[in-house]
Amino acid sequence: MTIWEMLAVFAAGISAGAINTVVGSGTLITFPVLLATGLPPVTATVSNALGLIPGSVSGAIGYRAELTGQRPRVRRLGVAALLGGLSGATLLLLLPSTAFETIVPVLVTLAVILVILQPRIARAVQSRRARKGTTTAPNGGALLFIGILLASVYGGYFTAAQGIIYLSLMGMLLDDTLQRLNAVKNILAAIVNGVAALFFLFVAEFDWTAVVLIAVGSAIGGQIGAKFGRRLPPAALRGLVVAVGTVALVQLLVRRYG
């Protein structure tokens with residue numbers, strides 16, 4: 001890499017770390033920059049996955065106050081993230097890129113719609129449960145476990161908009177604040193990135209310059225994102241999720257059909 005390319009990758013890492021902590025989809029910043037430096041797509045994907053781990057950990061530390069009392073939930077959903085992330089990493093090496101590129105825009109569109117409708121749907125679900133005398137499963141039940149598992153398969157494969165999908169699923173199936181769910185999202189993203197990167201270490205080729213630059217940048221960005229994101233009211237955070245998700249969808253469609 002030239003010095004300017006290194007600076008661009010470092011800056012992309014900072015931006016991705018901040019955006020991943022608050023919303024998700026930071027890969028849509030780092031991945032195109034890595035491709036622009038001349039890296040092959042698979043090398044760019046695996047280098048990005050390893051480089052973003054410090055950013056996920058940094059963001060989770062920044063949101064540690066919101067994780068209070070959520071250990072059982074994190075353990076349960078973390079198992080789904082672990083299994084899904086490993087499966088997605090395996091698929092990256094086995095399947096052609098077009099296999100997931102076709103379904104990804106559909107997933108992101110659905111996630112954005114669910115985030116928009118989440119308050120209304122949550123009220124309807126709570127009203128229905130009140131009429132039936134039932135309560136919300138504290139960890140989301142089997143449906144959320146399966147949803148996180150499938151979202152993590154996608155995350156281990158590519159990661160773009162993974163956080164938005166997590167937030168939409170948890171917002172639908174858990175009775176908790178969006179900020180606390182965002183804290184869990186950061187933990188799940190760290191698990192998926194970590195297990196995928198560990199798998200890639202043995203079977204794929206990394207660009208270690210890119211890895212180090214993104215790792216340092218994303219760690220810095222994670223702290224910036226945590227300080228900013230934790231101050232956002234629920235409506236503003238939801239609006240940011242929708243905005244980033246829409247941008248992610250447009251970029252994915254351009255890549256697929258442009």
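I19 is found in helix α1. The model is predicted.

Me: Is I19 buried, partly exposed or exposed?
Reply: Buried means under 20% relative accessible area, and exposed means over 50%. I19 has a relative accessible area of 27%, so I19 is partly exposed.

Me: How far apart are the C-alpha atoms of I19 and G229?
Reply: Along the chain, I19 and G229 are 210 residues apart. G229 is one of the buried residues of α11.

Me: Which residues of α1 are buried?
Reply: The cut-off for buried is under 20% relative accessible area. I19, at 27%, is partly exposed. The buried residues of α1 are V9, A12, G13, A16, G17, A18, N20, T21 and V22.

Me: What distance separates the end C-alpha atoms of α1?
Reply: Helix α1 has 20 residues. At 1.5 Å a residue, α1 should span 28 Å. The computed distance agrees with that, at 29 Å.

Me: How many helices and strands does the chain have?
Reply: From the N terminus on, the elements run α-α-α-α-α-α-α-α-α-α-α-α. The count is 12 helices and 0 strands.

Me: What share of the chain counts as buried?
Reply: The test is a relative accessible area under 20%. The chain has 258 residues. Of these, the share that counts as buried is 50%.

Me: What part of the contacts with a separation of 6 or more comes from residues 24 or more positions apart?
Reply: Contact means heavy atoms within 4.5 Å. Among contacts in the chain with a separation of 6 or more, residues 24 or more positions apart account for 83%.

Me: At what angle do α5 and α10 pack?
Reply: Helix α5 spans residues 71-94, and helix α10 spans residues 178-203. Their axes are 8 Å apart. The crossing is right-handed, and the angle is about 35°.

Me: How many nonpolar residues has the contact of α5 with α10?
Reply: From α5 come residues including V74, L77, A81 and L93. From α10 come residues including L181, I187, V195 and F199. By class, the contact has 3 polar and 1 charged residues, and the nonpolar ones number 19.

Me: Which side chain makes a polar contact with that of R73?
Reply: R73 is found in helix α5. At 10% relative accessibility, R73 counts as buried. A polar contact of 2.9 Å joins the side chain of R73 to that of D176.

Me: What does α11 reach from its first C-alpha to its last?
Reply: Helix α11 has 22 residues, 208-229. At 1.5 Å a residue, 32 Å is expected. The computed reach is close to that, at 30 Å.

Me: Which helices do the buried residues of α11 pack against?
Reply: The buried residues of α11 include A210, L213, I214, G221 and A226. Their partners are α1, α2, α3, α4 and α10.

Me: Which residue caps the N-terminal end of α11?
Reply: The backbone nitrogen of T209 lies 3.2 Å from a side-chain oxygen. That oxygen belongs to the capping residue, D207.

Me: Which residues does T43 touch, leaving out those up to four places away in sequence?
Reply: T43 lies in helix α3. T43 is buried, with a relative accessible area of 12%. The residues touched are E205, F206 and D207.

Me: How many residues of α9 are buried?
Reply: Helix α9 has 12 residues, with its end C-alpha atoms 17 Å apart. The buried ones include Q162, I164, Y166 and L173. I165 also counts as buried, at 11% relative accessibility. Helix α9 is mostly covered, and the buried count out of 12 is 10.

Me: What distance separates the C-alpha atoms of G147 and I165?
Reply: G147 is in helix α8, and I165 is in helix α9. G147 is buried, with a relative accessible area of 15%. G147 and I165 are 18 residues apart along the chain, and their C-alpha atoms are separated by 9.1 Å.

Note on methods: Residues numbered from 1 in each chain as written. Predicted model: local features only at pLDDT ≥ 70, side-chain atom pairs only at ≥ 80, totals over all residues. Heavy atoms only, no water. Axes fitted to C-alpha atoms, helices over the stretch in contact; angles between N-to-C directions. Helix = DSSP H or I, 4+ residues; strand = E, 2+ residues; numbered from the N terminus. Left-handed = near helix turned anticlockwise from the far one by under 90°. Nonpolar A, V, L, I, M, F, W, Y, C, P; charged D, E, K, R; others polar. Expected span 1.5 Å × (residues − 1). Buried < 20%, exposed > 50% of the residue type's maximum accessible area, 1.4 Å probe, protein only. Polar contact = N/O pair within 3.5 Å; in protein donor to acceptor, adjacent residues only side chain to side chain.
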